[in-house]
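Keep the viewer open and follow each stop.

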Amino acid sequence: MSREPRTYILFLFLFLSHGMASHRVPDSRQDLYPLLQKMAVSIPGTYHCDLLLSHGWTADLSHRVLAYLNSRNVAFTIPSLQAAMENHLEQRLYQPQKLLEDLKETDAQQFRTAMQCLLEDKKDRLELEDVVIDLGEIRKQALQSPGVNRSLFLITLERCFQVLNSLECVEILGRVLKGSSGSFLQPDIPGKLPRHLQEDAFKNLSAVFRDLYDQTSAHSQRALYTWMTGILQTSSNATDDSVSWVSAENLWILGRYMVHLSFEEITKISPVEIGLFISYDNATKQLDTVYDITPDLAQAFLERISSSSFDMRNTSTIHRQGPPASTLIFPHRLGLLVCFYHDLDLLDAAVAQVLLHQMIKCSHLRGFQAGVQKLKANLLDIATENQTLNEILGSLSDAVVALTHSQLESLSPEAVHGAISTLNQVSGWAKSQVIILSAKYLAHEKVLSFYNVSQMGVLLAGVGTQAFYSMDRRDLLQVLRSTISLHVSDLSPAQQQGVLSKMIEAGDTVSGIVEIQGAFFKEVSLFNLRREPGFNTTVLKEKELRRSQALFLFELLSKTTRRPEELLSTGQLVKGVTCSHIDAMNADSFLAHFHYFENNLSLLSPYQVNCLAWKYWEVSRSSLPPFLLAALPAHYLASVPASQCVPFLISLGKSRLDSLVLDTHKKNSVLRKVQQCLNNSIADEFMVDIVGDLLCHLPAATIYHGVSPRAWATALHRLRDCPHLSPEQKAAVRLRLLEQQGLPGNWTAETTKDLGPFLVLFSGDELSSIATKFPDILQQTASKMAGTLLPKEFLWAVFESVRNSSERSLSSDPSPGCHGVVAPSSGDIFTLAEANACWAPEDLLCMEEHTFIRNVELLGAVGGFEQPQLMTLKEKAVQFWDMPSYWKEYHIVSLGRIALALDESELGQLDLSSIDTVASLSQQTEWTPGQAKSILQGFLEDSGYRIQDLKSFHLVGLGTILCAMNITEVSLIKISEFRVVVARIGTLLCSTHVLAEFKRKAEVVFGDPAKWSGPVLQELGTIAAGLTKEELQMLDKDLMPYFQPSAIKCLPDEIFKVGTHVFHLHSLQRALDGAKTRSWLDTPPSASPTRTVSSASTLGAPSAWGLWLCCPLLVLMAETVW
């Protein structure tokens, strides 16, 4: 019994200290802990966790605890008791290795007690005089502490199956693993699992591993598969190799791990067993999740299924041989295997249609999408035999996205109307296709009403901006209140502005602004917000806000709302909290409501976080959350003692350092403190857990030299998710990988999968072997990184892997100059994605018509194409579509970046009468001034509008093309239209003189610049760069943080130099170093640096270099409006 109290104190009484409702006391009584150990021995009923939790913490027990302490003549208070407990608890939470050691030393009864204390689900509340203890919250905090979960996981593996029954241990493992995102399941772990488990325990543990499949590394998946199959093979009745151990039940137990079966093992599965498996009710659900199955294995399973008593071509009913037990709709049971169906010779149109419907789920496959597209195209051909597209349009499922422009144009309005319930749910439509189908549908409906709009679903994005503006306002209100509003976010900014313009037209008595939900609300102008009287916290809960909106609304509602929590808990309103609001909160209110800020840290700007840090320091520096130290001046980091390093690292590791600290010098100071705490090394996996996301910021030297071999696997798992590693960090990771894994040419498939995100670190020569050995893995890796800027050498490796592995044949009738040239195929283009940038212009020139037409939108989205490639693709468009004067809106929209190759004359030939066509062109940001001017003139001429006639949605649709206006043209824009799209125009990087003219318009809307507020400056964006040097000098110094970075970049040198006064630097220094301008008399010099700006003699005259050093400072402080 002598060691039982220790366990109890550790796992109950000590954990209770974090749940106590009293403030921390800095002067803990270290001598109380040994006394409490004795107390637990002396007082019956205080050391059996199971007894305590079942019978409750009684008042009598509380009195006995207090009486015991008093009898020892020890002067104590409840706070000092708590402090002693807390100190010991933190030693265990912050040093999880010691926790692991404690657990190893417990006997069987102690271990059982410890596990029960931590993992019981009871929500007991204990009371010790005026201290309330919430056991549920304590367990939650303990299990969320970095390292504690790992300690519990390791000790469970080592001891649990020896002490507790296997079902209890499986439950514990499941709970701990689910809190780890699978990162604990390293390849060596399955070797520590018992080989002999009760059947139920084995099935339950297998279910845990199945649930964590996606979070488990490829090596660990293989190791877990080996462990599972070892047990399954042992328990099977197979007597020799000719009889497969893979039964129907074993397939079900394997779940997603069935994809690790070898081709040979699949071919040996008994037809009876595979037929039984496919008849299971949950078989389809299981097969729907085998996302990483390969074509070879899928076809092997299909062969075994077809060898059973089921006929895969029968779409009605399939009867299993034997008793008339069940009737099965078989194609529905194939799951993702249907994506690899290959027996097309005997299919009829009905079966093809059924299979196409089942193939909707194939988009979930990881890779092999080019093959899926080819199969869909073949099935589409079969499905349309002896029938027209008009007749079967609604039966083709999502295969309709493969229809070309000409095929869609051939559809009748009646056919589209009849198939709308299918078409409106299909994902994967290109914008050009949506434009055609929407026009067909509306041609049948004649009038755009709420009813027919509500039927359009994903096709809503094809409705023209002018059509939205022409709708009846009451119909639009119904649209915003109905489920179709979910698709409003798919509309272009011009279309959204068309809807808004109608909603808030002048003269209407009831505004519809409050009806607007989600991200759409961010389009509402500050001008219109100021006119809307109906705002309260309730209507704002589901709305996304720009910072300018949040600033205005928070100030507005704070005048009528007395309860801070009502404002701080309302959606994104916390974005609008200013430093003055924070400073005005009294200490108790600030501490009571701080969790609202902490829980919404991602919504706060660095400037707001800095204000929070100073406020917390002012009211309760002893309990300051450690991560806030990063927002204070660098000197404050020196006040963190070594004993507080671990909580400092944990707190900072859970925060986003990039959002807390933007300045490089300040960030380096923070990282120096981090390195000091780490002693420049990460010794083990527990320390990786503690540093969290800080790992992404550690210097290259620490990554290369400081991460121990023991910690490397866990560190690598976390480094995979680092979004912005520096070149030096990447080089360090690459060297470690070469040392640990060798050259990529020696890697296994599992290694290649696990190191996928790091493949971009290797040279083309190093990647060539990967491209040859594992082309599918390389292509899947590239697909996962779509949307990121990838190295050219990596893209070339992907390109070569596709070129070498795809099936190609020379054209039977090649174009002149294309003899012997293997032109791009649809499959190649689909698979390559951004790697299409590697095509030579001469390859693109030889592309066949059907390939270009089917893939023009994909090619137009390739960001890496250079001018010769774009010119070649433009020539193909002219070749297949005729001259630009014949192109329709959907042609122009589908071009994407290819349109950049059009010269000014060709742009002048386009039909630009629709603002939606112009809006698609304005999405490109690489137009020359001459091209932009041609687009502007083409729109004005083709639409018949004069500049003074332009509506707000025209201005939004023109976008970057507005920068082609001269100041005379800008002056003609109506104020009534300009004022509702200020924020959109404020995102444009126009020339200084154009911005200055927009600024003059802003004066008409918002008044004298000297009286502008923070919300107005945020709303104006780059327009604020049009301020004169005199106007800049007159601005209130406290408004500096509300300048957007883009506005600072647009300020002319001479205005920035003269306009930025020394007194402005007072408000800017806070952004750079976290310093404030007023002194803090109560802060001891050792803990607080001087927080006033340097004297004039130090700064000297505002030289050019000094002021431009301040420019990044201004940029750091502000945040973009969108």
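A disulfide here is a pair of cysteine sulfur atoms within 2.5 Å. In general, a disulfide is a covalent bond between the sulfur atoms of two cysteines. The model is predicted: local features need pLDDT of at least 70, side-chain atom pairs count only at pLDDT 80 or more, and totals for chains, interfaces and linings use all residues. Residues are numbered from 1 along each chain as its sequence is written, and side-chain values use heavy atoms, with hydrogens and water left out.

The disulfide count comes to seven. One of them joins Cys 963 to Cys 990, with S to S at 1.9 Å. It links distant parts of the chain, 27 residues apart: Cys 963 sits in the loop between helix H55 (952-958) and helix H56 (967-971), and Cys 990 in the loop between helix H58 (982-985) and helix H59 (992-1006). Helices are DSSP runs of H or I with at least four residues, strands are runs of E with at least two, and both are numbered from the N terminus. The S-S torsion of Cys 963 and Cys 990 is about -70 degrees, so this disulfide is left-handed. Cys 963 is partly exposed at 23% relative accessible area, whereas Cys 990 is buried at 7%. Buried means under 20% relative accessible area, exposed over 50%, and partly exposed in between (1.4 Å probe, protein chains only).

What keeps Cys 1050 from a bond with Cys 990? The sulfur of Cys 1050 is 8.2 Å from the closest cysteine sulfur, in Cys 990, which is too far. Cys 1050 is buried, at 15% relative accessibility.

Now turn to Cys 579 and Cys 611. Their disulfide has an S to S distance of 1.5 Å. The torsion is about 45 degrees, so the bond is right-handed. Cys 579 lies in helix H33 (residues 579-584) and Cys 611 in helix H35 (residues 606-620), so the pair ties together parts 32 residues apart in sequence. Both cysteines, Cys 579 and Cys 611, are buried. Another disulfide joins Cys 160 to Cys 169 at 2.1 Å, S to S. Its torsion is about -95 degrees, so it is left-handed.

Salt bridges come next. Each is a side-chain nitrogen of Lys or Arg within 4 Å of a carboxyl oxygen of Asp or Glu. The structure holds 29. Lys 888 and Glu 409 form one of them, at 3.3 Å from N to O. Lys 888 is in the loop between helix H50 (867-881) and helix H51 (889-895), and Glu 409 is in helix H21, 479 residues apart. Lys 888 is partly exposed at 44%; Glu 409 is partly exposed at 26%. The side chains of Lys 376 and Asp 398 also meet, at 3.0 Å, and both residues are buried.

In helix H17 (residues 295-307), the buried residues include Leu 297, Phe 301 and Ile 305. The buried residues of H17 pack against helices H13 (248-254), H14 (263-267) and H15 (271-279). Elsewhere, Leu 716 is found in helix H41 (residues 709-719). Leu 716 is buried at 11%. Leaving out residues up to four places away in sequence, Leu 716 touches Val 733, Leu 737, Leu 755 and Phe 758. Contact means heavy atoms within 4.5 Å.

Overall, the protein has 66 helices and four strands. Of its 1122 residues, 54% count as buried.
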